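Here are my notes on the two-chain model you sent. Please read them with the structure open.

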Amino acid sequence: MRTLFALLLLILPTAITAEEVVLGLSQDEVAITTSFDGSEIFVFGAVKRETTIPEGDLGVIVTISGPPLPVTVRRKERRFGIWVNTEGVDIEAAPSYYAVATSGPFDEVLSIRDNLQYKVSVPSMIEAISAPTEVIDASSYVNALLRIRERAGSFLLLEGAVVVDEQTLFRTRIQLPSALTEGAYATRIFLTRDGVVISDYETSIDVRKVGLERWLFSLSREQPMVYGLMSLAIAIFAGWGASAAFSLLRN
Amino acid sequence: MQIYLPIAEVSVNAFLLLGLGGLVGILSGMFGVGGGFLMTPLLFFIGIPPAVAVATEANQIVASSFSGVLAHLKRKTVDLRMGCVLLVGGLIGAALGVVLFNYLKSLGQVDLLVKLCYVLFLGIIGGLMFIESLNAIRNTKKGKVPTRKKHNWIHKLPFKMRFRVSGLYISVIPPVLVGLCVGVLAAIMGVGGGFIMVPAMIYLLGMPTKVVVGTSLFQIIFVTAFTTMLHATTNFTVDIVLAVLLLVGGVVGAQIGTRIGVKMKAEQLRILLALMVLAVCGKLAFDLLVTPSEFFTIAASGGH
């Protein structure tokens, strides 16, 4: 079967499935512990091909996306001399974190058409906008979201961060921030020739709280009464403890 | 040393939180205010989500107030009877406040209302206290004895009760009402309400300043404990790790603050509190008036 497939590839000169991504990840899960302070993901892989190197410029794009969450973007306006929130636009799914690493300038590595089709760049990731009718320029709200998240370092475009050796091996390092949301972080790799996607691969990195963090988080959601009482007990005990310690110091 | 907060889902410097807790704790012990009106904005500033900051702050106030009240109990400067009367009003007020808060939240203007509340109340109270303390200091320098108004409309109300520690014989209606109003505001503004309670006790109820601080702390413990439970069970926004870091600093600070407070004159204490209240008010008013550098804000939209 495999030989037949290889034979077919030899006969057909088209390069659509001639190259494939083989991926490695330094880790497929990120554990959030109490001392968690960001993490670096090392993404590496190779281009598998069973023919000679085809024509055209090879490009590699790696994206890591945090879990998509609904957000509301509100605009401030001056009313009666003070700045107040006015209209808001609900954005149904915006990733809490999104990083794009490319092997070259984004526009050269990926065509506009394929960018839209595969939703690679940050703006194309923001989906399904529901704006109230009184909002005229909904796009300015989306731009604001992009601007604020970019400034906060949650949306990253790392042009040229992917290193490609001999048109075969590629590697990149992507820094995850310390303020991470739990969930599955979709990791995608695209292989392009002259801006056209010829192969893609998707996997996910599991980001989750472990140990004490996990236990406290579950307790607060599953047994909020116990959690609340525990918080109060700690507060009362700490208050009493400090008072007792200070009277001991004085005597 | 960075520490990851499980509920807030951010990583922050543990020593920064300990320091903030300590600083606010000192003020709390000195003035009998929970310190929430200072701490909550500070937590916003270091990147804690507002909902988590407000809820966790309530828990931290429980600790620093408890620590402070123990110091006052030893010195017998807590009017337990008055505290209980205020508390009755306070708990009813807090419950009403939460209902009002949720209603305004559905209108989407809760942030603005909270800020306006801060500016309004901090401004009025800070201003009045400042003028009054300044006059008191001037009078003591001139050698005048401050005369306390013995009889006003408050003394004509029914249901009179004797408050021995405060040296008062007044109706229970004003303290219950004061407790109620402070409770409502406390729930809306996410603070213990000490900065409103303390002046109300001095100027409306005519209580002696030394008793006011301990009594205010006593009733704050219960109101904030109640608020903590409400936040923990309805919004799941109490971050216990954040609370522990803040309260370790806070309880130590409160002990130091109480000792500083005892050594200071009542007028000086009041004028300092007034200045602090006015400073926070000024900062908040400035933020509302100045043109922001970013016209848009992002909020997580849960629930629909």
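1. Start with A:Glu166. A:Glu166 sits in the loop between strand 10 (163-165) and strand 11 (169-176) of chain A. This is a predicted model. The phi of A:Glu166 is near 55°, a positive value in a residue other than glycine. Is A:Glu166 buried or exposed? A:Glu166 has 8 other C-beta atoms within 10 Å, so A:Glu166 is exposed.

2. B:Lys76 belongs to the loop between helix 3 and helix 4 (80-107) of chain B. B:Lys76 counts as exposed because 10 C-beta neighbours lie inside 10 Å, and exposure is assigned at 12 or fewer.

3. Next, chain A overall. Chain A contains seven helices and 13 strands. Of its 251 residues, 30% are buried. Take the contacts in chain A between residues at least 6 apart in sequence: 72% of them join residues at least 24 apart.

4. Now chain B. Its secondary structure is ten helices and five strands. Chain B has 304 residues, and 49% count as buried. For contacts with a separation of 6 or more in chain B, 81% come from residues 24 or more positions apart.

5. Check helix 8 of chain B. Helix 8 has 26 residues. From first C-alpha to last, helix 8 reaches 37 Å, close to the 38 Å expected at 1.5 Å a residue. Helix 8 of chain B is mostly covered, with 21 of its 26 residues buried. Just after this helix comes B:Phe236, with a positive phi of about 50°.

6. Then the interface. How many residues of chain B are in contact with chain A? The count is 46 residues of chain B, against 48 residues of chain A. On the chain B side, the elements that give two or more residues include strand 1 (2-5), helix 3 (50-74), helix 5 (110-142), helix 8 (209-234) and helix 10 (266-289). Helix 9 of chain B supplies the largest share of that side, nine residues. By type, the chain B side divides into 32 nonpolar, eleven polar and three charged residues.

7. Two packed helices are described by the angle between their axes and the distance between the axes. Helix 7 (residues 224-250) of chain A and helix 9 of chain B have axes that come within 9 Å and cross at roughly 25°. Angles under 35 degrees count as roughly parallel, and helix 7 of chain A and helix 9 of chain B are therefore roughly parallel to each other. The crossing is right-handed.

8. Which residues make that contact? From helix 7 of chain A, they include A:Ser231, A:Ala235, A:Ala238, A:Ala242 and A:Phe246. From helix 9 of chain B, they include B:Ile240, B:Val244, B:Leu247, B:Val251 and B:Gln255. The residues of this contact divide into twelve nonpolar, four polar and no charged.

9. Finally, A:Leu232. A:Leu232 also lies in helix 7 of chain A. There are 24 other C-beta atoms within 10 Å of A:Leu232, so A:Leu232 is buried. What does A:Leu232 touch, leaving out residues up to four places away in sequence? The partners are B:Asn59, B:Val62, B:Ala225 and B:Thr228.

Notes
Residues are numbered from 1 along each chain as its sequence is written. Chains are lettered from A and ligands numbered from 1 in the order in which they are written. This is a predicted model: local features need pLDDT of at least 70, side-chain atom pairs count only at pLDDT 80 or more; totals for chains, interfaces and linings use all residues. Two residues are in contact if their C-beta atoms, placed from the backbone, lie within 7 Å. Helices (H or I, at least four residues) and strands (E, at least two) are DSSP runs, numbered from the N terminus. Ala, Val, Leu, Ile, Met, Phe, Trp, Tyr, Cys and Pro count as nonpolar, Asp, Glu, Lys and Arg as charged, and the others, Gly among them, as polar. Axes are lines fitted to C-alpha atoms, for helices over the stretch in contact, and angles run from 0 to 180 degrees between N-to-C directions. Angles under 35 degrees count as roughly parallel, over 145 as roughly antiparallel, 65 to 115 as roughly perpendicular and the rest as oblique. A crossing is left-handed if the near helix is turned anticlockwise from the far one by less than a right angle, and right-handed if clockwise. A residue is buried if 20 or more other C-beta atoms lie within 10 Å of its own, exposed if 12 or fewer, and partly exposed in between; C-beta atoms are placed from the backbone. The expected span of a helix is 1.5 Å times one less than its number of residues.
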